[in-house]
Amino acid sequence: MGQEGMGYSSKGGGGGGGGGLPMTAPRPRGASPLGGGGGGHSRSRKIHRTFNNLKITVLCGLVTILVLRGTIGLNLSLPSQPSDADALSSAKAVEDIDRILREIRSDSGPDPDDDAGEFGAAAGFNASALTAAEAAAAYAAAVEKYALGPKISGWDDQRRRWLAQNPGFPATVAGGKPRIMLVTGSQPGPCDNPLGDHYLLKTTKNKIDYCRLHGIEIVHNLAHLDTELAGYWAKLPLLRRLMLSHPEVEWIWWMDSDALFTDMAFELPLERYDNHNLIIHGYQDLLFEKHSWIALNTGSFLFRNCQWSLDLLDAWAPMGPKGFIRDEAGKILTANLKGRPAFEADDQSALIYLLLSQKEKWMDKVFIENSYYLHGFWAGLVDKYEEMMENQHPGLGDERWPFVTHFVGCKPCGSYGDYPVERCLKSMERAFNFADNQVLRLYGFTHRGLESPKIKRIRNQTTKPINDKENLDMKAKMSTTS
């Protein structure tokens with residue numbers, strides 16, 4: 001899940017030094033990143049599309065044969081129905097062919113006349129025919145041409161003036177707390193796995209509950225604001241747009257759709273971050289000593305709405321455009337981050353590489369948080385919930401009662417994941433109910449078990465509920481004791 005999930009990579013220019021990502025004005029749509037013409041591009045795209053259509057035709061023929069085989073059987077002298085094994089085999093084959101068809105269609109890319117894909121198809125040249133030096137030069141040229149949008153300067157002053165002129169939109173909420181906007185997102189279309197939509201609804205409900213209890217605004221996005229930054233990268237243009245559109249918001253908080261709040265009473269210690277602009281879960285030693293590709297996690301992090309954050313987004317984004325740029329950036333990240341497999345650039349690895357290669361520029365304003373679980377890996381938590389309920393209580397936020405449980409590697413909305421889908425869905429159900437119990441107890445109910453959607457009453461109704469002091473104490477009402 002997520003938009004969709006979110007992934008990892010980083011760039012390095014040898015050790016931890018140098019290697020900035022220069023930003024200039026965006027180039028005109030359709031222009032090559034190398035500055036050359038695109039005459040042969042349209043012809044090669046047409047040939048590529050013709051081959052894809054031939055593949056689709058052949059595979060459609062195979063589907064037809066399989067359907068006929070399952071309907072009438074190959075042995076016309078035997079009227080008996082096909083066995084269960086035959087039916088399962090045919091269904092599996094049809095699924096495989098359907099998956100291949102989707103992959104072929106997605107690989108065929110956008111039409112060259114579309115607005116999308118200006119970087120995606122190597123922008124008019126054959127990347128595989130380039131030498132390493134030529135590829136590096138092409139990558140550098142393309143990166144220089146990409147920008148999230150017009151360069152913003154003086155944002156802190158602009159925002160300060162706007163807040164002074166619009167007192168009806170203060171940057172604080174009740175109690176003087178900074179205004180926070182939680183942002184999440186998911187793919188525009190239905191999930192490949194129908195159950196994925198059900199669990200996406202549950203994770204969204206979970207976020208709405210937490211925000212309602214703590215006075216936080218929430219945005220769930222379905223749109224791709226920049227077609228070049230799809231997948232893991234889709235959050236970057238969204239966060240930038242929300243910062244500029246909501247100057248009254250002090251903190252923008254991104255959370256992947258496959259992450260759930262599991263401590264509904266815990267509140268962010270925002271006073272701890274007065275001198276910082278990026279709050280992210282991670283470990284200093286993994287980042288600076290081991291240069292690990294999992295030193296930080298971008299599934300849940302906070303940006304202050306300020307010029308520094310806009311500048312960081314500008315420096316972070318150029319590794320993200322799909323196609324040639326993302327592929328070449330992935331090679332850089334794999335070469336410089338320990339343990340990173342060889343795959344295209346992802347937002348997490350790119351951020352890690354940026355902070356390593358430009359440490360002096362950025363790290364003074366980055367707070368690497370691990371005193372509580374801004375990100376908690378699900379596999380080590382979901383089977384301990386009963387023990388937590390017996391021995392601990394909400395409001396701790398750490399390993400005793402995790403603030404966030406993040407289902408990294410589970411992709412219930414997609415076709416593939418790193419873990420069996422049955423295990424993922426069962427674990428997500430447990431995490432949701434563990435959190436939902438804390439909400440239901442506010443109203444006198446709880447789930448019958450962590451794997452059951454059914455509920456039971458745990459507190460008798462009263463004719464004078466306002467006199468019950470417990471009603472004014474949210475943490476007390478979230479207590480796990482009946």
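## Salt bridges

K177 is partly exposed, with a relative accessible area of 39%; the classes used here are buried under 20% relative accessible area, exposed over 50% and partly exposed in between, for a 1.4 Å probe and protein chains only. The model is a predicted one, in which local features need pLDDT of at least 70 and side-chain atom pairs count only at pLDDT 80 or more, while totals for chains, interfaces and linings use all residues. Residues are numbered from 1 along each chain as its sequence is written, and side-chain values use heavy atoms, with hydrogens and water left out.

K177 forms a salt bridge with E267, and the closest N and O atoms are 3.1 Å apart. A salt bridge here is a side-chain nitrogen of Lys or Arg within 4 Å of a carboxyl oxygen of Asp or Glu, and by this rule the count comes to 20. Because K177 lies in the loop between α4 (155-165) and β1, and E267 in the loop between β4 (259-261) and β5 (278-282), the pair ties together parts that are 90 residues apart in sequence. Helices (H or I, at least four residues) and strands (E, at least two) are DSSP runs, numbered from the N terminus. E267 is partly exposed, at a relative accessible area of 37%.

E250 forms a salt bridge with R304, with the closest N and O atoms 2.8 Å apart. This pair links distant parts of the chain: E250 is in the loop between α6 (235-245) and β3, R304 is in strand β6 (residues 296-304), and they are 54 residues apart. E250 counts as buried at 15% relative accessibility, and R304 is buried with a relative accessible area of 13%. A network of salt bridges links K205, D209, R212 and D436.

## Charges over rings

R340 takes part in two kinds of interaction. Its side chain meets that of D346 in a salt bridge (2.9 Å, N to O), and R340 lies over the face of F343, at 3.9 Å from the ring centre. A charge sits over a ring if NZ of Lys or CZ of Arg is within 6 Å of the ring centre and within 35 degrees of the ring normal. R340 is buried, with a relative accessible area of 5%, and D346 counts as buried at 0% relative accessibility. K359 lies over the face of F288, at 4.2 Å from the ring centre.

## Aromatic pairs

The structure holds 21 aromatic pairs. Rings of Phe, Tyr and Trp (its six-membered ring) pair if their centres lie within 6.5 Å; planes under 30 degrees apart count as stacked, over 60 as edge-to-face and the rest as tilted. One of the pairs, Y210 with W253, is edge-to-face, at 6.4 Å centre to centre and 85° between the planes. Y210 lies in helix α5 (residues 194-214) and W253 in strand β3 (residues 251-255), so the pair ties together parts that are 43 residues apart in sequence. Y210 counts as buried at 1% relative accessibility, and W253 is buried with a relative accessible area of 0%.

W401 and F434 form a tilted pair, 4.7 Å centre to centre with 35° between the planes. W401 lies in the loop between α12 (385-391) and β8 (404-406), and F434 in helix α13 (residues 421-440), so this pair ties together parts that are 33 residues apart in sequence. Both W401 and F434 are buried. One aromatic cluster is formed by Y210, W253, F261, F266, Y372 and F403.

## F432 in helix α13

F432 is found in helix α13 and counts as buried at 9% relative accessibility. Leaving aside neighbours within four places in sequence, F432 is in contact (heavy atoms within 4.5 Å) with K202, K205, N206 and L260. The C-alpha atoms of F432 and T262 are separated by 7.5 Å, although the two residues are 170 residues apart along the chain.

## Disulfides

A search of the whole structure finds two disulfides, a disulfide being a pair of cysteine sulfur atoms within 2.5 Å. One joins C191 to C413, with an S to S distance of 2.0 Å; at -90° about the S-S bond, this link is left-handed. C191 lies in the loop between β1 (180-185) and α5, and C413 in the loop between β8 and α13, so the pair ties together parts that are 222 residues apart in sequence. Both of these cysteines, C191 and C413, are buried.

The other disulfide joins C410 to C424 (S to S 1.9 Å) and is left-handed, with -80° about the S-S bond. C410 is in the loop between β8 and α13 and C424 in helix α13, 14 residues apart. C410 and C424 are both buried. With the bonded cysteines of the protein chain numbered in sequence order, the pairing is 1-3, 2-4.
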